[in-house]
Amino acid sequence: MKRNILVIFGGNSAEHDISVITGVEALNALPAKGYRAVPIYIRDGVWYTGSRLFEIKSYLRFDPGQYKQAGLFGGVLYEKKKRGKAEAICRPDCALLATHGGDGENGSLQGLLEMNGIPHTASGVIESAVCMDKAVAKAVLQSAGVRVVEGKSAGASEAVAAFEEFPGYPMIVKPATQGSSIGISTATDRKSLEEAVELAGVYAPRILAERALQGFVEINSGVLFDGKECLVSAPEKPVSAGEFLSFGDKYLGGVKEGGRREFPAAIDDALKAEIAGTSEAVVRVLGLFGVVRLDYMIEKGVVYLNEINTIPGSLAHYLFPQWSYGEFLTRLIEAGIARGVPQAPQFPSKVLEGLGEGYRKLK
């Protein structure tokens, strides 16, 4: 009997459209691997399903009336019928999460699935929430002894005054809970700082400012972790058109699809070893799971961990070219099923002991 795999994508996120692309790619790859792929497209808080969701053209002028509404209850996926009735669609064996950013990556969706006893392919609730909030993630990483760029977080209303004191100009200003470089800009004086804070405040109520590195190189590292074996990809050097890697560089320019990038990155063996070692250590220490992409910056030979992506664009398959997309997804799904419903994380004591001090410094 084929396993029922929910492919969940869309959602309340600025990365909604990228998630649709990832989801549709996965939907069309899974049947060949013997799975029953069940699409779950989240739009405006409603779950939609139906065979037409396998076609990318269906999203160009999406008509909600053409699709079934669905929901979970007691570990079973139901279709909503007229007059308040519901009909069971299937009991999912696993959920493949292709939800980039927002409620799909910050632990909310993971919590819903875990409450329903459904295994999934991403990190657990707490781990996802920590990594989605850049300010919290920075504090956790600092407490674990991982090198990060000096920074400070503040609410939007007090951010301008707070950031002029530290880290000082030039600085990178970003929303604390967004991905894909959305809402990020560089501030070089008071006026540009005010503009940067206003932009970041559109996407999140809390804002993070970091010292702007000079002459740095960006390097990405992928990790595929099934709870036991940790496979680290070769490093990737994406090509930026500006000071930092923008949303356009990442997606419109095709970086994440293998276009404007250097893979494997031409960096020396010592840096490769440091990045690979840090990536594996971070994934294990934070209790992450599935496919994770860690983004680094190298300034004058010094490596800084910039960001952790627990559900990266295209699920970071481009960093693992040794497998077809279907084979790659199979590894994720089977690992998720073998893990079962995630349990509460067990952070090492040194992380918990240092977390309070690390967050106070960041504030």
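**Exercise 1. In what order do the 4 strands of the open sheet that contains β16 line up, and is their pairing parallel or antiparallel?**

*Solution.* Keep in mind as you work that this is a predicted model.

Step 1. Read across the sheet: the order is β13-β12-β16-β17, and the strands pair in the antiparallel sense.

Step 2. Now look for the edges. β13 (230-232) and β17 (302-309) each have a single partner strand, so one side of each has no neighbour in the sheet.

Step 3. Ignoring direction, neighbouring strands are turned by 25 degrees against each other on average.

Step 4. Zoom in on one pair. Strand β12 (residues 217-225) is joined to strand β16 (residues 290-299) by 9 bridges, and the two run antiparallel. For G222, the bridge partner in β16 is R293.

Step 5. Helix α8 (residues 269-286) lies across β12, β13, β16 and β17, and runs at about 135 degrees to β16.

**Exercise 2. Describe how α3 and α4 pack against each other.**

*Solution.* Step 1. You need two values here: packed helices are described by the angle between their axes and the distance between the axes.

Step 1. For helix α3 (residues 125-132) and helix α4 (residues 134-143), the angle is about 105 degrees and the axes are 5 Å apart.

Step 2. Anything from 65 to 115 degrees counts as roughly perpendicular, so α3 and α4 are roughly perpendicular to each other.

Step 3. Who makes the contact? On α3 you'll find V130, C131 and M132, and on α4 K134, V136, A137 and V140. These contact residues split into 6 nonpolar, no polar and 1 charged.

**Exercise 3. Check whether the length of helix α1 agrees with what its number of residues predicts, and find out how covered α1 is.**

*Solution.* Step 1. Helix α1 (residues 16-29) has 14 residues, and at 1.5 Å a residue they should span 20 Å. The expected span is 1.5 Å times one less than the number of residues.

Step 1. Compare with the model: the end C-alpha atoms of α1 are 20 Å apart, which agrees.

Step 2. Turn to burial. α1 is mostly covered, with 10 of its 14 residues buried. Among them are I18, V20, V24 and L27.

Step 3. The buried residues of α9 include F328, L329, L332 and I333, and the buried set packs against β1, α1, β2 (35-43), β7, β12 and β16. After α9 comes G340, with a positive phi near 80 degrees.

**Exercise 4. Is E105 buried or exposed, and what does E105 touch?**

*Solution.* Step 1. Locate E105: it sits in the loop between β7 and α2 (108-115).

Step 1. Use the cut-off. Buried means under 20% relative accessible area; E105 has 7%, so E105 is buried.

Step 2. List the contacts. Leaving out residues up to four places away in sequence, E105 touches T99, H100, Q110, S128, M132, N309, T310 and I311.

Step 3. Compare with a residue from elsewhere in the chain. G11 is 94 residues away along the chain, and the C-alpha atoms of E105 and G11 are separated by 9.7 Å.

Technical notes
Residues are numbered from 1 along each chain as its sequence is written. This is a predicted model: local features need pLDDT of at least 70, side-chain atom pairs count only at pLDDT 80 or more; totals for chains, interfaces and linings use all residues. Side-chain values use heavy atoms; hydrogens and water are left out. Axes are lines fitted to C-alpha atoms, for helices over the stretch in contact, and angles run from 0 to 180 degrees between N-to-C directions. Angles under 35 degrees count as roughly parallel, over 145 as roughly antiparallel, 65 to 115 as roughly perpendicular and the rest as oblique. Contact means heavy atoms within 4.5 Å. Ala, Val, Leu, Ile, Met, Phe, Trp, Tyr, Cys and Pro count as nonpolar, Asp, Glu, Lys and Arg as charged, and the others, Gly among them, as polar. Two strands pair if DSSP finds at least two bridges between them. Buried means under 20% relative accessible area, exposed over 50%, partly exposed in between (1.4 Å probe, protein chains only).
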